[in-house]
Amino acid sequence: MTAGTEPTSAVFAAAVTLKPAEPEHYDLAFTATTQPCPWPKAYGGDMVAQAAAAAMRSVEGKTLHSTHSYFLRPVDIGAEVRYEVELLRDGRGYATRQVRGFQNGKPVYVCLANFAAGEPGSATYSAEPPAGVPAPEELPSSASYLSGTASEAPRGTMTDASREYWSGGRSFDMRHVPGPVYLTVEGERSPQQAVWVRPFGKLGSVDGLTDAQRDLAALAYVCDYTILEPVLRVLGLAWARPGLVTASLDHAMWFHRPGPLDGWLLYAQEAVAAESGRGLATGRFFTAPGVHLATVVQEGLIRTTS
């Protein structure tokens, strides 16, 4: 997003647009390009969503229900990642894929993805969303927060580029409860937070994916932006704190049921542990009416050097 332009969801669409390639190691291969961000290395959600898209393009008649991933090396921004898909199993009810991402001749990301045909008529249960969360319309957007009272807060490591990125460069509108942890930790140092998320614009079609698969990729893409924030919150660390270093280490995600991504979703998050420079957090996506769509668990590096 540049000055004077409206934020869109084009960054996400570009991230999950894959190009078929000749496999070098496994059964199928695709390339994808990591998207711009104001940090030294690429956003981890690029790899999660790109690998999920690659796996989904290798399976017919089944729906992605879980992914388990490791981030092996930092990934260059604006550069191609080659995703090689290994067809581990194709059963009547389930299928399994391994996806490895390569850049500069080295593996940078690995993912196991499982798919299910589904069992209509089976019993169902859906967890309840947290109570008392204000509606997204009652909360400031990241852009209004950063241009409002937060403009008087110490900038720390925030640059004009990171302000623009947080405001509208991530394809999704994000509204925090309590307030954001961009410059300071707004609200109590609680292990819980919630983030309302919604695409800035209509999610268009993506080559090689059905609309339902695109929506799963969108959840995988957006989940990584804020999943470590409850750990930062409880530790009293803001993103712009000088000396803060973070990185995604490993990630798991379960997709429980389909749901539309054309409205607000509530992403309820909780810090689980922080020790030895690592933090673990969980997150659950709910539709605005309270239907539980997906669950995330992620561990990340959280290091302070000053």
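**Ground rules**

I worked on a predicted model, so I kept local features only at pLDDT of at least 70 and side-chain atom pairs only at pLDDT 80 or more, while totals for chains, interfaces and linings use all residues. Residues are numbered from 1 along each chain as its sequence is written, and side-chain values use heavy atoms, with hydrogens and water left out.

**Entry 1: the sheet**

I took helices (H or I, at least four residues) and strands (E, at least two) as DSSP runs, numbered from the N terminus. Strands count as paired if DSSP finds at least two bridges between them.

I traced an open sheet of 12 strands with antiparallel pairing, in the order β1-β2-β4-β5-β6-β3-β9-β12-β11-β10-β8-β7. Its edge strands are β1 (19-21) and β7 (172-177), each pairing on one side only. Neighbouring strands are turned by 25 degrees against each other on average, direction ignored; for such angles, axes are lines fitted to C-alpha atoms, for helices over the stretch in contact, and the range is 0 to 180 degrees between N-to-C directions.

I then looked at a few pairings. β3 (residues 63-71) and β9 (residues 244-255) run antiparallel and are joined by 5 bridges, with Thr67 partnered by Met253 of β9. At the other end I followed β7 into β8, an antiparallel pairing over 6 bridges, where Asp173 has Arg198 of β8 as bridge partner. β8 in turn is joined to antiparallel β10 by 6 bridges, and there Gln192 has Glu270 of β10 as its partner.

How many of the 8 residues of β8 are buried? I got 6 for this strand (residues 192-199), so it is largely enclosed by the rest of the structure. Buried here is under 20% relative accessible area, exposed is over 50%, and partly exposed lies in between (1.4 Å probe, protein chains only).

**Entry 2: helices across the sheet**

I checked what α2 (residues 44-56) lies across: β2, β3, β4, β5, β6 and β9, at about 50 degrees to β6. Helix α5 (residues 211-222) lies across β3, β7, β9, β10, β11 and β12, at about 150 degrees to β9.

**Entry 3: cores**

A nonpolar core is a set of buried Ala, Val, Leu, Ile, Met, Phe, Trp, Tyr and Cys residues joined through side-chain atoms within 4.5 Å. The largest one has 76 residues, and Tyr83, Tyr109, Trp166, Met253 and Phe285 touch the most other members. Helix α2 gives the largest share of this core, 9 residues. I also found a second, separate core of 8 residues, including Leu139, Val177, Trp264 and Phe286.

Beyond its neighbours within four places in sequence, Trp166 is in contact with residues including Trp39, Leu146, Tyr182 and Trp239. Trp166 is one of the buried residues of α4 (residues 160-168), and these pack against α3 (142-147).

**Entry 4: cysteines**

I counted 0 disulfides, a disulfide being a pair of cysteine sulfur atoms within 2.5 Å.

I noted a cis peptide bond between Val177 and Pro178, with omega about -10 degrees; Pro178 is in the loop between β7 and β8. Asn104 has a positive phi near 55 degrees, sits in the loop between β5 and β6, and is exposed at 64%. Ser276 has a positive phi of about 55 degrees, lies in the loop between β10 and β11, and is exposed at 59%.

**Entry 5: rings**

Rings of Phe, Tyr and Trp (its six-membered ring) pair if their centres lie within 6.5 Å; planes under 30 degrees apart are stacked, over 60 edge-to-face and the rest tilted. I got 13 aromatic pairs in the whole structure. Tyr43 and Tyr225 are stacked, 3.8 Å centre to centre with 5 degrees between the planes, and they are 182 residues apart. Tyr145 and Tyr182 are tilted, at 6.2 Å and 55 degrees; Tyr145 is in α3 and Tyr182 in the loop between β7 and β8.

Conventions: Contact means heavy atoms within 4.5 Å.
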